[in-house]
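Dear colleague,

Please find below the structure that I am handing over to you.

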Amino acid sequence: MKRLMGAALAAWCLIGAVAQAEAQTTLEKVKARGELACGTSQGVPGFSLPDATGKWKGFDTDFCRALSAAIFNDPDKVRYVSLSSKDRLIALQSGEVDVLPRTTTWTLARDSGQGVIFAAVNYYDGQGFLVRKSTKVGSVKELDGASVCVAQGTTNELNLGDYARTNNLHFKPVTFQAIDDVTQAYETGRCDALSTDMSQLAALRLKMAQPGDHVILPEAISKEPLGPWVRKGDETWLTLVRWTLFAWLDAEELGVTQANLDAMLRSENPEIRRLLGAEGNLGETIGLSKDWVARIVRHVGNYGESFDRNLGAGSPVGLPRSLNRLWSQGGIQYAPSIR
């Protein structure tokens, strides 16, 4: 009897331990682990790419650095997990990564049926085409019958078929799982064009032997709102990730930068004071410190600073802000106020 009771007690303890582990929030797991697991690309200049020392840099990796700064007051407590387009959502679903800011489009099918949820848009994009300048092709509609290199398992592959059907065109898709394989196939002449998000085309062109030999066609054939994803079922983590992006944008709109942060901490503007934690305790409501936004700006800068550094005119990629300008500057980037 004692042996049976002991076995039953052990079983109940095991069940309790499993339930407790399952009940642990993502933020609690990240804090206990001492690092954030961030899903990233296999190497896209400007968005996420290791430098010569192996350190990941880019606009998407800056977002993970911002999360790390908010949680740990250290932007470098991040483990980057390089993921293909095909594997990225699976890795998030399985818990291999905590957040996926990896150039992944917000769609209904993903939001409703794959156990993941979109947090907020960090980049408004559209799918385009890269062709050789020597072809003198000036429009997508001149590519009827062309072979097109595209990443397997992406919205780009779906959009390619939709656009062809809608416009009575015929494309011959040439698909690969890894974006580097897609790029190499195009560059070696296995296809006539390369199709993916226009920002990614600009980045991939930089990696080619002769970037100037290739041109991005002017048409965008889709809407591609990109941004970070998290697993469903943890609203606190979703809120934290979503509002980290909003705080990034609000800091730019309110003029809070790395250079003037200390002065802004003494501001009498109530919006700035709430943003930086000089008033209220809004950070504590999502498991962070009062100064979580100040930590982000101090270590990473605001949204505009990261954009300019990684993607903007001052970067090798050289993309215009375009739709990603703030709403007050002619764009559509808009974040709720922290209040």
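Helix H7 (residues 179–187) lies across S7, strand S8 (147–151), S9, S10 and S11, and runs at about 165° to S8. Helices (H or I, at least four residues) and strands (E, at least two) are DSSP runs, numbered from the N terminus. Axes are lines fitted to C-alpha atoms, for helices over the stretch in contact (heavy atoms within 4.5 Å), and angles run from 0 to 180 degrees between N-to-C directions.

This is a predicted model: local features need pLDDT of at least 70, side-chain atom pairs count only at pLDDT 80 or more, and totals for chains, interfaces and linings use all residues. Residues are numbered from 1 along each chain as its sequence is written, and side-chain values use heavy atoms, with hydrogens and water left out.

The five strands form an open sheet in the order S9-S8-S10-S7-S11, with mixed pairing; two strands pair if DSSP finds at least two bridges between them. Strand S9 (172–176) and strand S11 (214–216) are the edge strands, each pairing on one side only. Within the sheet, S7 (residues 127–132) and S10 (residues 193–197) pair in the antiparallel sense over five bridges, and Gln-127 stands opposite Asp-197 in S10.

Elsewhere, Leu-245 belongs to helix H9 (residues 235–253). Leu-245 is buried, with a relative accessible area of 0%; buried means under 20% relative accessible area, exposed over 50%, partly exposed in between (1.4 Å probe, protein chains only). Ala-120 is 125 residues from Leu-245 in sequence, yet 7.3 Å from it in space, C-alpha to C-alpha.

Yours sincerely
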